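Thanks for asking me to look this one over.

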Amino acid sequence: MALGDAILACLTERPMTGYELAKTFDASIGFFWKADHQQIYRELSRLRDKGHVQGREVVQSGKPNKLVYTLTPEGRAALKHWAARPSVPPSIKDDLLVRLYALDCVDIEPLRTDLMARLEHHRDRYERYERLLNKRFPDGTAPPADLGKMLSLRLGMRHERVVIEWCEEALDALSAISQRGNVRPLDDMRESGG
């Protein structure tokens with residue numbers, strides 16, 4: 001998937017300015033496809049050049065004019081074509097997992113600190129997804145146009161819950177082995193030359 005596809009998907013909701021699109025992106029698609037605001041503005045320009053979106057200038061008094069972007073029929077066709085292709089499962093690139101892989105050669109305390117920060121991060125995201133789900137879909141159902149959004153939020157919650165459980169498990173395991181002394185702190189290994 002490219003950023004352009006994510007922007008086209010976001011514009012299916014309604015016409016938006018670049019600013020509105022970036023804010024909407026941050027509160028929805030941005031949960032599973034990261035892009036900063038400048039990347040979004042650059043991609044909007046490319047999409048406009050391709051004819052996938054059109055920008056309409058809106059005159060404002062006392063403020064700079066703004067461009068409101070709308071998905072064109074060509075943009076809808078491009079989105080439909082992209083959505084018909086098979087998806088590619090994401091790969092995981094996580095330096096924390098690499099450090100855990102080499103657990104017998106690293107200092108446990110920084111790992112524990114990192115895991116605790118991860119745990120809090122994923123708890124916060126879980127709570128955010130839960131608030132969004134309860135706000136947008138209070139009765140647990142969605143109209144057909146919003147079903148994908150509800151399902152994405154539910155997957156996000158499940159993912160966060162599993163990562164929270166894994167962080168708790170990893171912290172317990174690190175506490176247990178540090179108490180047993182099976183893994184030596186890195187400083188001890190340097191002193192002994194090993």
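1. How far apart do the end C-alpha atoms of residues 92–174 lie, and what percentages of the span are helix and strand? The end C-alpha atoms lie 22 Å apart, and the span is 77% helix and 0% strand. Helices here are DSSP runs of H or I with at least four residues, strands are runs of E with at least two, and both are numbered from the N terminus. UniProt, in an unreviewed entry, places "domain: Transcription regulator PadR C-terminal" at these residues, 92–174. Its positions follow the numbering used here, with feature names shortened, and its annotations may be inferred rather than shown by experiment.

2. A word on the basis of these notes. This is a predicted model, in which local features need pLDDT of at least 70, side-chain atom pairs count only at pLDDT 80 or more, and totals for chains, interfaces and linings use all residues.

3. The unreviewed UniProt entry lists residues 7–80 as "domain: Transcription regulator PadR N-terminal". Over residues 7–80 the chain is 49% helix and 19% strand, with 13 Å between the end C-alpha atoms.

4. Three strands make an open, antiparallel sheet in the order 1-3-2, where two strands pair if DSSP finds at least two bridges between them. Strand 1 (16–17) and strand 2 (53–58) are the edge strands, each pairing on one side only. Strand 1 is joined to strand 3 (residues 66–71) by two bridges, with Met16 opposite Tyr69 and Thr17 opposite Val68. Strand 2 is joined to strand 3 by six bridges, and Val58 stands opposite Lys66.

5. Helix 6 is worth a look. Its 29 residues (108–136) should span 42 Å at 1.5 Å a residue, and the end C-alpha atoms are 42 Å apart, which agrees; the expected span is 1.5 Å times one less than the number of residues. Buried residues of helix 6 include Ile108, Leu111, Leu115, Leu119, His122 and Tyr126. Buried means under 20% relative accessible area, exposed over 50%, and partly exposed in between, with a 1.4 Å probe and protein chains only. An α-helix has 3.6 residues a turn, so residues three or four places apart point the same way.

6. Why does Leu153 count as buried? Because its relative accessible area is 11%. Leaving out residues up to four places away in sequence, Leu153 touches Tyr129, Leu132, Leu133 and Phe137, a contact being heavy atoms within 4.5 Å. The C-alpha atoms of Leu153 and Tyr126 are separated by 9.6 Å, though the two are 27 residues apart along the chain.

7. Now the cores. A nonpolar core is a set of buried Ala, Val, Leu, Ile, Met, Phe, Trp, Tyr and Cys residues joined through side-chain atoms within 4.5 Å. The largest has 23 residues, of which Leu103, Leu111, Leu115, Leu133 and Leu174 touch the most other members. Helix 5 (95–101), helix 6 and helix 7 each supply at least two residues of this core, and helix 7 gives the most, with 10 residues. Apart from this core lies another, of 19 residues, among them Cys10, Ile29, Ala35 and Leu47.

8. Last, the cysteines. Counting a disulfide as a pair of cysteine sulfur atoms within 2.5 Å, the total comes to zero. Cys10 is buried, with a relative accessible area of 1%, and Cys167 is buried, with a value of 1%.

Terms used. Residues are numbered from 1 along each chain as its sequence is written. Side-chain values use heavy atoms; hydrogens and water are left out.
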